[in-house]
Amino acid sequence: MATEVAAGTSRRKLLPIGNRQDQVYWLFVLPVLLCLLVFFLLPLFQVFWISLSDPAVGPDNYIKLFDNRAIKRVVLTTLRICTITTVFSVVIGYMIAFTVAIAPPRTRSMLMFAILVPFWMSVLVRAFAWVTLLRSEGVINSFLMSFGAISTPLSMTNNEFGVLVGMVHYMVPYAVLPLLASMDGINPSLIAASRGLGAGPVQSFVKIFMPLTKPGIFAALILVFIMTLGFFVTPIILGGGNTVMIAEYITVQMQQTLRWGLASALATALLVVVLLLIGALSRSMDMRKMLGGG
Amino acid sequence: MIDFGRSSSISVAKLLGWAGALFLLLPSFVIIPVSFTTHHYLSLPDEGLSLRHYQNLFSNPLWLGAIGQSLLIAVLAAILAVITGTLGAIGLWRIASRFGDSLRNLMLMPLIVPPIVSALAFYKAWVVFGLLDSYVGVIIAHAVLAIPYVIITVTTSLSNFDGRLEQAARNLGANAWEAMWLIIVPVIRPGILSGAVLAFLASWDEIVVTLFISSQKIMTLPKAIWNGIRDNIDPTVAAVGTLVIVITLAATCIRLYRQSRAAA
């Protein structure tokens with residue numbers, strides 16, 4: 001027994017990093033930890049505190065979240081827009097990712113370029129571009145009218161349609177990346193085997209390929225849904241005040257009606273939902289890989 | 001490579017994929033030509049090209065000031081995020097405990113929290129700290145939002161780093177600080193640079209938090225674009241947008257180039 005312990009300690013001494021030296025590395029971590037604690041986590045906690053204490057201490061603001069009709073409408077609008085956006089983004093993203101996954105290398109890099117350019121494009125510039133395209137004197141309407149396809153301009157901005165187009169466009173690249181990661185992980189010989197055993201292309205896709213991409217689909221659905229919940233810029237610019245989502249509503253409560261408690265309660269609720277969804281997501285996929293570490 | 005063989009359904013699927021890719025590129029296809037229109041209103045150029053909107057952009061002190069402010073803020077925020085984030089990522093990697101891993105996840109919070117919630121939090125805290133509408137306030141907020149990107153890229157680099165190199169340096173008498181500067185930092189430089197570019201872009205692009213914590217004095221480029229879109233839509237915004245696309249693409253290309261060199 002004693003010799004074992006002795007051997008254990010001597011072995012540990014051979015390793016150059018002992019406990020004493022490990023302490024040094026906490027000094028490395030300290031600045032970033034303090035920075036985030038003071039400038040981010042405490043402020044977040046303050047929001048939570050305001051939601052419980054303004055105008056009076058108690059859960060009143062949270063009760064209001066459930067029985068205020070205006071809030072109910074905003075939450076329903078948000079959920080509707082987010083769900084539609086998520087479904088469209090993942091369907092379009094799946095088609096793009098599939099095309100990338102089966103493309104030869106050169107075609108693949110062309111497609112990746114098409115995915116990454118908008119990925120890196122400012123959300124404001126994109127919203128502006130969609131206004132240019134969709135408004136009544138916009139590019140699409142003048143194009144259609146010059147051909148006589150329509151006589152009066154289609155109304156595509158300042159309504160939910162415009163918001164949806166802008167949001168789907170923003171989210172598609174975020175759907176493509178996890179989907180592509182799961183498709184690239186599929187062993188090509190599985191498809192070859194399925195083909196060799198007599199399955200047609202469609203059957204191989206439905207029975208082999210698609211089931212193997214389920215984790216990717218799940219990750220894409222949650223990731224897109226989380227990100228759309230807090231959307232701010234696109235709904236305001238393309239919705240023109242007619243489609244108020246949670247983020248815009250919080251802003252109005254803060255800047256116009258000055259109901260800080262209510263705004264904070266709504267923000268806290270939004271954060272809790274997002275964190276719960278992230279928890280579900282991280283169980284299915286490596287978060288760091290997905291959030292653009294590559 | 002995955003091969004489904006020839007089939008009309010697969011061809012249709014591919015066609016839809018390409019259509020999706022075109023949909024993604026559509027806004028850039030539009031905004032770049034619009035910036036060269038000869039008209040004073042938003043339109044595709046139909047009577048030749050003109051640089052008048054770029055001339056307007058580069059002679060207008062409002063836009064120039066906004067570009068300058070954005071560059072200054074993004075560079076300083078990126079420096080702050082890179083220094084603290086890199087140190088933190090190296091420290092956590094070296095500590096390598098479960099508690100450290102939870103701390104790392106906690107440090108990704110600014111990326112996970114919806115921008116509107118961060119904006120609310122920053123606003124209320126900046127009132128207390130007296131940082132509203134100040135350079136220092138915006139730089140700190142942007143740095144905090146950028147730290148997760150640095151943590152992610154540096155941690156990824158470190159996962160490919162042979163920890164024994166650092167142990168050898170320590171055994172040969174280097175202290176933790178020297179080992180970091182002489183051994184770790186040179187090896188993970190691509191990850192640090194990648195994090196720096198991402199941090200720069202995070203600040204360069206930031207709008208929601210900036211809108212909340214600034215008023216008159218701070219006018220970043222995204223804020224100027226925001227005002228431009230809401231007040232008077234004119235092709236100068238398209239010229240600014242084109243410029244933003246070009247700068248963002250350049251930064252992304254630098255990052256990809258560095259990555260491919262690091263991989264080679």
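## Exercises on a predicted two-chain model

Helix α13 of chain A, residues 246-255, is mostly covered, with eight of its ten residues buried. The structure is a predicted model, and the exercises below refer to it.

**Exercise 1.** Determine which residues of α13(A) are buried.

*Solution.* Step 1: the criterion for a buried residue is a relative accessible area under 20%. Step 2: the residues of α13(A) that are buried are I246(A), A247(A), E248(A), Y249(A), I250(A), T251(A), Q253(A) and M254(A). Step 3: for the chain as a whole, 51% of the 294 residues of chain A count as buried.

**Exercise 2.** Decide whether Q69(B) is buried or exposed, and name the residues it touches.

*Solution.* Step 1: locate Q69(B) in helix α3 of chain B, which covers residues 61-95. Step 2: the relative accessible area of Q69(B) is 13%, so this residue is buried. Step 3: once residues up to four places away in sequence are set aside, Q69(B) touches Y135(B), K217(B), I218(B), M219(B) and T220(B).

**Exercise 3.** Identify the residues that touch the most other members of the largest nonpolar core, and list the contacts of I225(B).

*Solution.* Step 1: the largest nonpolar core contains 181 residues. Step 2: F209(A), F232(A), V233(A) and I225(B) touch the most other members. Step 3: apart from its neighbours within four places in sequence, I225(B) is in contact with L124(A) and V125(A) of chain A, and with W63(B), V237(B), V240(B) and V244(B) of chain B.

**Exercise 4.** Characterise the largest cavity by its volume and its lining.

*Solution.* Step 1: the structure holds three cavities of 30 Å³ or more, and the largest cavity has about 40 Å³ of space. Step 2: its lining consists of V123(A), R126(A), A127(A), W130(A), G166(A), Y170(A) and T234(A). Step 3: two elements of chain A, α6 (123-134) and α8 (160-184), each give two or more residues to this lining. Step 4: α6(A) provides the largest share, four residues. Step 5: sorted by class, the lining has four nonpolar, two polar and one charged residues.

Key: Residues numbered from 1 in each chain as written. Chains lettered and ligands numbered in written order. Predicted model: local features only at pLDDT ≥ 70, side-chain atom pairs only at ≥ 80, totals over all residues. Heavy atoms only, no water. 1 Å grid on protein atoms, 1.4 Å probe; cavity = no way out; pocket = protein on both sides within 12 Å on 5 of 7 lines; lining within 4 Å. Points joined across faces, edges and corners; volume = space filled by probe spheres on them. Nonpolar A, V, L, I, M, F, W, Y, C, P; charged D, E, K, R; others polar. Core = buried A, V, L, I, M, F, W, Y, C linked by side-chain atoms within 4.5 Å. Buried < 20%, exposed > 50% of the residue type's maximum accessible area, 1.4 Å probe, protein only. Contact = heavy atoms within 4.5 Å.
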